[in-house]
Amino acid sequence: MRPLWGRQFPNELTTQDWLSYSEQTFLTVAGGAIFRDDFGELTSLRKRMAYFPRDVWLYKLAAQWGRIAEERAYVGRAGDAGDDIGSRVIAARIIGNIMRLAMLIERRYAPYPKWFGTAFSQLDCAPDLKPMLDRVMRAEDWKAREAALIEACRFEAELQIAKGVPGAIAPAMGAIHARPYRFVDSLAIFASLRSSIEDEKLRQLPEFGAADQFLTSSFVLAVPAYASAATASLLELAKGTEPG
């Protein structure tokens, strides 16, 4: 598959192309040194794959906040039910989503798991954000865990504003009915970012995001044909659920 990238994408990538492959795949093409490119094919391809177009970037950012929203109250709910190990596992998963969000905010491709922590540590925001995530990991009870996650999510929301991300808004606290669990209202941030997407079809897509946001299998993500097929199936299914 790799030797065919230039032939497969001789022109600009479509939105579906951008959503169909993991960031590691794009990083494989766009990163590293070029020692020889007699026909300029690789150089041209790398320029096209340097980073996501504006709307795809915003869609992935919004989807990443959506990923955080999926489990935003579960750290407290699991802990409150006496399931501390479950609360820790959920918190660790949210940490991974926060780290990936930081890479999106700074417009850096995320590598596969082996190098993910290293790449995160090289971000400009890492010296400030990493201690917050460390506090989540070290927390001895769910309330301390929850408080540290709120701190980290507030930081990311404010970072988006500082970076001038279109649609970025100040973080607000959210709640589910009268339950005592606290979290940053990530769904409000998701909605605001999505409203800034100019491509109407992309703006209307469900918040599943790109392949590496809804797939977790390294085996599938490592094979572009597999990741592309999964994305195409999901996009086709999404079309069938559109109103009217």
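Visitor: Which helices each supply at least two residues of the lining of the second largest pocket?

Guide: This is a predicted model, and in it helix H2 (15-20), helix H12 (200-204) and helix H15 (224-240) each give that lining at least two residues.

Visitor: And where does the largest share of that lining come from?

Guide: From H12, which contributes four residues.

Visitor: What volume does the second largest pocket have?

Guide: About 310 Å³. It is lined by 13 residues, and Lys201, Leu202, Leu205, Leu235 and Lys239 are the closest to its centre.

Visitor: How does the lining of the second largest pocket split by class, then: how many nonpolar, polar and charged?

Guide: Five nonpolar, three polar and five charged residues.

Visitor: OK, over to the largest pocket. How much space lies in there?

Guide: About 750 Å³. Its lining has 27 residues, with Arg100, Pro111, Tyr112, Pro113 and Leu221 nearest the centre.

Visitor: Which helices supply at least two residues each to the lining of the largest pocket?

Guide: Helix H3 (23-30), helix H7 (84-105), helix H8 (113-121), helix H13 (211-214) and helix H14 (218-221).

Visitor: And how many of the lining residues of the largest pocket are nonpolar, polar or charged?

Guide: Twelve are nonpolar, nine are polar and six are charged.

Visitor: Switching to single residues. Where is Arg145 found?

Guide: Arg145 sits in helix H10, which covers residues 142-162.

Visitor: Is Arg145 buried or exposed, and why?

Guide: Arg145 counts as buried because its relative accessible area is 1%, and the cut-off for buried is under 20%.

Visitor: What is Arg145 in contact with, leaving aside neighbours within four places in sequence?

Guide: Val75, Asp84, Ser87, Arg88, Ala91, Val136, Ala139 and Glu140. So that list includes an Asp and a Glu, by the definition both charged residues.

Visitor: Last one, Ser192. Which helix does Ser192 lie in?

Guide: Ser192 is part of helix H11, residues 186-195.

Visitor: Buried or exposed, for Ser192?

Guide: Buried, because Ser192 has 16% relative accessibility and anything under 20% falls in that class.

Visitor: What does the side chain of Ser192 reach?

Guide: The backbone oxygen of Gly167, at 2.6 Å. Leaving aside neighbours within four places in sequence, Ser192 is in contact with Gly167 and also with Ile169.

Conventions
Residues numbered from 1 in each chain as written. Predicted model: local features only at pLDDT ≥ 70, side-chain atom pairs only at ≥ 80, totals over all residues. Heavy atoms only, no water. Buried < 20%, exposed > 50% of the residue type's maximum accessible area, 1.4 Å probe, protein only. Contact = heavy atoms within 4.5 Å. Polar contact = N/O pair within 3.5 Å; in protein donor to acceptor, adjacent residues only side chain to side chain. 1 Å grid on protein atoms, 1.4 Å probe; cavity = no way out; pocket = protein on both sides within 12 Å on 5 of 7 lines; lining within 4 Å. Points joined across faces, edges and corners; volume = space filled by probe spheres on them.
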